[in-house]
Amino acid sequence: MKKIILSVFILFVCSATQGQNRKHSANFSLFQQYYNPAFTGFQGSMVKSYYRNQWAGFAGAPKTLFVSGELNLSDLKKAAAVEEGGQPIVEKGIKHSVGFSVLYDKFGPFVENEIFLNYRSSVNLSEKISLQAGGAVAYYLQSLDGTKLTTEEANDPAMQKYANQTNRSGRIDFNLGLALTGKDFYVGYAIQNISGSQGKSNHDYFRNNSKLHNVVQAGYRRAISEQIGVVVNGMLRFDNQLKETIEGQVKGVFYNTAWLGFGYRKSLAYSLIAGFRIKQLKIGYGYEIPTGDAQMTGSGTNEIIITYDLKNIIYPRLTRQMTIW
């Protein structure tokens, strides 16, 4: 039964000729720079990764691996000042960050690779608020292995043009974003696939894979006491092909070291998230329960995240200062 359901999903994707799909993460608040280049380096110089096994138990079900690195150039200047025996400097003027992201996504016979090179600059509007602007060059490579396609109807004309051959499409595109940030809040807007360039393949599957995509992100965190804090994150994504996706999460943070939370992606999934920090290392887990349009799969999604802060920071544990999003 599960194989039949998966085949129906694959058939729908092909017959609708929609190469575009959205990559989801239960822990989206930790990977802000993927959605908006203006958040590159916002959480400091870090290496981040997650592995996502969607609809666990299905043969050929989606699997996603994401790895990124961000370097806030202000961190380098502060570290150099400390090594020379001075105090950490408070940098004024425009600050810069760079980063990269690589995403690998496999769903049955479909494979997609994404590579982003990000740049961000920021300037202080006041002592508490910064304006950030960023851009990214993105490369997308999609492939469809027709030898792995299975159909419930023999000689289905919608599938025959893909059968027994490998179809590939590569393209370069651009993303831009803006954000307002403070110590305990952020709000940002980004547009992806600005050039709208089409894949080089003549196959229908690749024709509509570059729609202009809009992303709005926001978050707020507040310490309730020296031991407990609350974080709220939300995101809206929209284009004229897949329409809107709205998701949000609320999590409690304990001793600025561990977190436990709940999330909801409209008409798609509920999520439970948890994690902890050991010095510069964060390890987290998310489990999603399908609902609405995705409920027919009847199977959950597992997600594991690992991030590492490149700065050697002693994070306070008993304080009203929060450092987890």
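Contact here means heavy atoms within 4.5 Å. Keep that in mind as you click around this predicted model, where local features need pLDDT of at least 70, side-chain atom pairs count only at pLDDT 80 or more, and totals for chains, interfaces and linings use all residues. Residues are numbered from 1 along each chain as its sequence is written, and side-chain values use heavy atoms, with hydrogens and water left out.

**Stop one: Gly-188**

Select Gly-188, which sits in strand S7 (residues 185-192); helices (H or I, at least four residues) and strands (E, at least two) are DSSP runs, numbered from the N terminus. Gly-188 is buried, at a relative accessible area of 4%. (Buried means under 20% relative accessible area, exposed over 50%, partly exposed in between, using a 1.4 Å probe and protein chains only.) Now show what surrounds it: leaving aside neighbours within four places in sequence, Gly-188 is in contact with Asn-36, Phe-39, Leu-178, Ala-179, Val-215, Val-216 and Gln-217.

**Stop two: Gly-177**

Next, pick Gly-177 in strand S6 (residues 166-181). This glycine is buried, with a relative accessible area of 8%. Draw a distance from its C-alpha to that of Asn-36 and you get 5.5 Å, across 141 residues of chain. Beyond four places in sequence, the contacts of Gly-177 include Pro-37, Ala-38, Gln-132 and Tyr-189.

**Stop three: the cores**

Select Phe-31, Tyr-34, Tyr-35, Tyr-50 and Phe-66: of the 15 residues in the largest nonpolar core, these touch the most other members. (A nonpolar core is a set of buried Ala, Val, Leu, Ile, Met, Phe, Trp, Tyr and Cys residues joined through side-chain atoms within 4.5 Å.) Helix H2 (32-35) and strand S5 (130-145) are the elements giving two or more residues to this core. Apart from it lies another core, of 12 residues, including Phe-42, Val-253, Met-322 and Ile-324.

Colour S12 (residues 269-278) and S13, which pair in the antiparallel sense over 10 bridges; strands pair if DSSP finds at least two bridges between them. They form a hairpin with 2 residues between them, and Lys-279 in the turn has a positive phi of about 55 degrees. Find Tyr-270 and look across to Ile-289, its bridge partner in S13. S13 also pairs with strand S14 (residues 301-309), antiparallel over 8 bridges; there, Ile-283 has Ile-306 as its bridge partner.
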